[in-house]
Amino acid sequence: MLEFLRVRLQQGTRTSPFPAGGADFPARFRGRPAFDPAKCDGTCSGCAGEMPSEVLTRGPRGIELDVGASLFAPEEAAACAGGALTFTRDHRMGSRTRAGLVSADGEVELATALEARMRRLFGRSLRLRSVAAGSCSGCEAELVALGNVVFDMARFGVQFVASPRHADGLVVTGAVSVNMKRALLETWEATPAPRLVIAVGACAINGGPFRGSPEVSDGVPTELPVDLWIPGCPPHPLTVLDAMLRLLGRLEEGS
Amino acid sequence: MPHEPVESFGATVSDAVAAGWRLISLFGMPEARAVRLVAILADDVHGALGATSTSVRERYPALTPTCSPASVFEREVAEQTGVIPDGHPALKPLRRHAPDHAPTNGTPVAAGDREAYPFFRVEGEDVHEVGVGPVHAGIIEPGHFRFQCYGEEVLALEIMLGYQHRGVERLLETADRDRAVLIAESIAGDSVIGHAEAYCGVLEALARSRKTPRAQTMRGIALELERLANHIGDLGAMSGDVAFQPGAATLGRLRGECLNLLMTLSGNRYGRGLVRPGGASFDITPEMQTEMRERIARLKDELEPALALLFDAASVQARFEGVGVVPQDRVFELGLVGPVARGCEITRDVRHDHPWGVFRFAHIPVATAWAGDVLARALVRRLEIQRSLEFLTEQLGALPRGEIRVPCGALRPGELAVAMTEGWRGEIVHVAISDEQGRVRRHKVTDPSLRNWPALAEAMRGNQISDFPLCNKSFNLSYAGHDL
């Protein structure tokens, strides 16, 4: 017993002060991508299909940065020869809409709080069911990490539960494989309304590294109404936590 | 690549396995009007590799009846190429099962027929069936488990996988190199370094690119950090499964410390972006070297008492001991790898048997335990944690100078390359075959999970169904790695 107490004392209290602090990342951390048009000399073809993902595309509205498509890979920044595409250390990038992840410079329309009724229902207690559907397990590993003593998501009233019957929403990870599509849709049907859908990671948003494979649906199928999109490959646990707290109206605007 | 008639091919492989070689990969490669079957064998005693191949049309005599480790590979070949191994004792789909996929043998299945998959069933009074998944109770990957139970006792367990199938091999064969390495890093998200290392290994071999000693050491450091993170995390999860909360809380956090070390190095908690063809894409600066050494020393100080607490607790020992036993002879019969094999007192470790990179110079002793149960697998992981920490302390103290990355150019045409690495789950094998234009014609990936899943199903026989989570976590196999 004394040994238990000794180890407990040695370990100390390790819970992150987040959201009051704790969002400090090492210098090389690849957070939200940003595009600086001033650095683009228009001579390279990185955004014209030579990117390992569709993070940067050249369309009728000019060059667009889609944070949802980013694989947060050094190759993406390198393919933009002028150095106009960089990764910031900003971990905040969850958005209520798919379009909110697309812009000219990488600014994300950060998630706004749920409507009053939903917020009253879920704002202080949200139960979620995780569905992995054609993932690599990286996103799930970060969802598991949200339950450890450091991130301790339960202190905000957010918990993962064992059955969709007990859940207020689904957290979908993975590019949605042919084999999992039916199970995903049935799990959604088994979740009582009103219910939320949260798409976590590049795969769930647009297929991620597996985009275009005949074995996947390139992300959450259109049948499911997504309420929150959280980019990353995989997203840092604080990226997920930040987005969820914004959705629940637990973070002040602009923080 | 040696080529022989189908009649002698089976005998060559079976005789080699009987003589002590291990079948580490067996796959099909489409040819004009035929399929080339390629077998890769390893001689662990002499650190040698061998290959042979044959050409087959619609069917060929199965290897499995005379060479049992071929079983899972032949199921994979049948599914990927449509070639039927005649006489295979359990030719079931591996990943593409009904009703979401047409069966390999062509028999039609009704769209909603969930029972189209031929599960093994035990009949009898009081025998009941428990089906779990693909959507589980925890935050885990999808898979379906069918238990045949008599009361609490599990008589048989069949595991149906494939839900994570994303078509990785095809993508690796068609994507350009900048994207392919990202796909390789996403084969199994907890084995980013292990798979990237093997993927880069085959490309470097085909391109005759020689990494600098500094790059080799850095990649070795990343691989051991990955091993540490997963072993520590799994011991924490096993601790939670037997309701030993001090272990779950402390080890769960300390796993994160290892991931944060990888993030300092690569900008990502799982080490994505670091291992690249020709070396590594980020250097370890002198300041980072000092910082990482200090953090590893602190990790060691905090880890030792937490591990001692877990392994010294009588309640934990009582729950770990005698559960999920894998008999030693099954290691050979199923071709098991990694901590599962080493928990049956088999010294099988690629870092020792077929050393590559930094492991040719820095030898990590192979950790084994003897009982083949949950406790043995936990003990192997504990030993490996200690040895990886020693390796990291040593390597971070004496990093070789030099470039971190050299060019990795065009692939030599018409060659076959094999790369093996010891990921934290065990042996990862990548095989690449280049065509006459120097493009990748076939890229074969074998994750250790493919070898070890059948052992988990067998280890549950005669155990209580309530011990499944604990037994499962002691293996902690990858669904994505199996399903590719």
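**Asking how we know: chains A and B**

User: What makes strand E2 (residues 34–43) of chain B and E3(B) count as a pair?

Analyst: They share 9 bridges, in the antiparallel sense. Two strands pair if there are at least two bridges between them, so they qualify. For one example, take B:Val38: its bridge partner in E3(B) is B:Ser53. Keep in mind that this is a predicted model.

User: Why are E1 and E3 of chain B called edge strands?

Analyst: Look at the order in the open sheet of 3 strands: E1-E2-E3 of chain B, with antiparallel pairing. Strand E1 (22–31) and strand E3 (48–56) of chain B each pair on one side only, and that's what puts them at the edges. From one strand to the next, the twist averages 20 degrees.

User: Which helices lie across strands of that sheet?

Analyst: Among them is helix H1 (residues 6–18) of chain B, which lies across E1, E2 and E3 of chain B and runs at about 155 degrees to E3(B). Helix H2 (residues 71–81) of chain B lies across E1 and E2 of chain B, at about 10 degrees to E1(B).

User: How do you know whether B:Leu63 is buried or exposed?

Analyst: Count its neighbours! B:Leu63 has 28 other C-beta atoms within 10 Å. The cut-off for buried is 20 or more, so B:Leu63 is buried. This residue sits in the loop between strand E4 (59–61) and H2 of chain B.

User: What does B:Leu63 touch, apart from neighbours within four places in sequence?

Analyst: B:Leu63 is in contact with B:Gly10, B:Val13, B:Ser14, B:Ala70 and B:Glu74.

User: Which strands pair with E6(A), and in what sense?

Analyst: Strand E7 (residues 158–160) of chain A pairs with E6(A) in the parallel sense over 3 bridges. In that pairing, A:Arg127 has A:Gln159 as its bridge partner in E7(A). Strand E8 (residues 169–173) of chain A also runs parallel to E6(A), joined by 5 bridges. There, A:Val131 has A:Val172 in E8(A) as its bridge partner.

User: What hand does the β-α-β crossover from E6(A) to E7(A) have, and what makes it so?

Analyst: The chain crosses from E6(A) through H4(A) to E7(A), and this crossover is right-handed. With the strands pointing away from you, the path over the helix runs clockwise, so it gets that name.

User: How many residues are in contact between chains A and B?

Analyst: 53 residues of chain A are in contact with 48 residues of chain B. On chain A, the elements that each supply at least two residues include helix H1 (2–11), strand E6 (126–132) and helix H5 (178–190). By class, that side of chain A has 31 nonpolar, 13 polar and 9 charged residues.

How values were computed:
Residues numbered from 1 in each chain as written. Chains lettered and ligands numbered in written order. Predicted model: local features only at pLDDT ≥ 70, side-chain atom pairs only at ≥ 80, totals over all residues. Helix = DSSP H or I, 4+ residues; strand = E, 2+ residues; numbered from the N terminus. Axes fitted to C-alpha atoms, helices over the stretch in contact; angles between N-to-C directions. Contact = placed C-beta atoms within 7 Å. Nonpolar A, V, L, I, M, F, W, Y, C, P; charged D, E, K, R; others polar. Buried ≥ 20, exposed ≤ 12 C-beta atoms within 10 Å, placed from the backbone.
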